[in-house]
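Here are a few notes to read beside the model.

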Amino acid sequence: MASSVLIDVDPGNDDAVLIALAAATERLDIEAVTTVAGNVGLEHTTRNARAILEWLGETDVPVAPGADAPLVRELETASHVHGPRGLHTQPPEPTADPVAAAGANVIVERARANPGELTLLAVGPLTNVALALALEPELPELLDDLQVMGGAAFVTGNASPTAEYNFYVDPEAARRVVRQAGPKLVGLDVTNHTTVPSDTIREWASSDEPLRTLASWLAYAAPENVDDALDEGTPPRVHDATVGVDQLADVLEFESYPAEVETYGSHRGALACDDRPRTDREPNVEVAVDIDASVFRAELVDALQSLNIESWPAVQTRLSEPRSSMHS
Ligand code: BDR
Ligand code: CA
């Protein structure tokens, strides 16, 4: 049976890979997508989410725009990594509008309507999830599971020496979610190992769509620059896809810890995970500490490749029909 997922995203090239993975596999049903400001501003992340879903034939999935800034801070984007509009290859302009309800409300409404059935995959700054918790403190009990791409528990950060980007951008939101929601944290400890082989990305970059665009997202580079980008060393990590692959194949190993998110000074956004053997604090999070990287790669590559074989020609024909009839 398929698992139903709510996806909270800031696409973002690796967010786009997660959405594509969820669209590709019949083992995941996307209940709704909510967007948040992060890698780029909310206008871009919302447009990108809508465009990716439509391009992949997921026209029925509602997209609800969420917070346009962190809870109490100015937004610091990652457009230097993801491009000025958040994706290195943009799918065609979407034809459908986002829904009128706000992201946090949609998370709460869907969770209340399907108690115990939905898994929330949150892979941007945690602003929407924190707001949803404020609206509905019972949210964790209403969800089947909450997996967050965020934090650097026992490894170096990527936004600062101690902080991972999603936690760094909205540390107050991350603190609230870590304190109140008992999340599973899928941070850099494991996502640092989530690469797809360069040869696969190169092959897809010189193939037809949709693989060409997927290659661009996997390499964080325009298709014509994929070769150069990959020549620079290890292929980039597709952090956000990790939570999706774990739904399919349990590739992650978790350990429980007491943890807190720092909100002040140079350790802003740091996840302080208490792994002292004799702490008397109760665990409040599960932290992913290990990943089966080869199963991760195989599952991700297989699922994305199936888009090409099974659904792409039919979807693109169907999507092009209304447009051509409009002009006839
Ligand atoms: C996270 O930061 C963002 O740039 C990515 O989309 C991912 O969610 C990795 O630290
Ligand atoms: Ca993201």
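1. Helix H4 (residues 103-113) has its buried residues covered by several elements, including strand S1 (3-9), strand S2 (28-35), strand S3 (63-65), strand S4 (118-122), helix H5 (127-135) and helix H6 (139-142). The buried residues themselves are Gly 103, Ala 104, Val 106, Ile 107, Val 108 and Ala 111. Here buried means under 20% relative accessible area, exposed over 50% and partly exposed in between, using a 1.4 Å probe and protein chains only. Helices (H or I, at least four residues) and strands (E, at least two) are DSSP runs numbered from the N terminus.

2. A word on the basis: this is a predicted model, in which local features need pLDDT of at least 70 and side-chain atom pairs count only at pLDDT 80 or more, while totals for chains, interfaces and linings use all residues. Residues are numbered from 1 along each chain as its sequence is written, chains are lettered from A and ligands numbered from 1 in the order in which they are written, and side-chain values use heavy atoms, leaving out hydrogens and water.

3. Which residues hold the calcium ion (ligand 2)? Its protein donors are Asp 10 (OD), Asp 15 (OD), Asp 15 (OD), Val 123 (O) and Asp 240 (OD), at 2.4 to 2.7 Å. Along the chain these donors follow the spacing D-x4-D-x107-V-x116-D. Donors are N, O and S atoms within 2.8 Å of the metal (3.2 Å for Na, K and Ca); water is not among the atoms, so the site may look incomplete. Asp 10 and Asp 15 are both buried.

4. Helix H1 (residues 13-24) meets helix H13 (residues 241-249), their axes coming within 8 Å and crossing at roughly 25 degrees. The two are therefore roughly parallel, a label for angles under 35 degrees. H1 contributes Asp 14, Val 17, Leu 18 and Leu 21 to the contact, and H13 contributes Ala 241, Val 243, Gly 244, Val 245 and Leu 248. Contact means heavy atoms within 4.5 Å.

5. The domain assignment, automatic or from a database, gives domain 1 (3-194 + 237-323) and domain 2 (202-233). Their C-alpha centres lie 23 Å apart, and 22 residues of domain 1 are in contact with 13 residues of domain 2.

6. Have a look at Glu 262, in the loop between strand S8 (259-261) and strand S9 (271-273). Glu 262 is partly exposed, with a relative accessible area of 31%. Its C-alpha atom is 9.2 Å from that of Tyr 168, 94 residues away along the chain.

Technical notes. Axes are lines fitted to C-alpha atoms, for helices over the stretch in contact, and angles run from 0 to 180 degrees between N-to-C directions. Angles under 35 degrees count as roughly parallel, over 145 as roughly antiparallel, 65 to 115 as roughly perpendicular and the rest as oblique.
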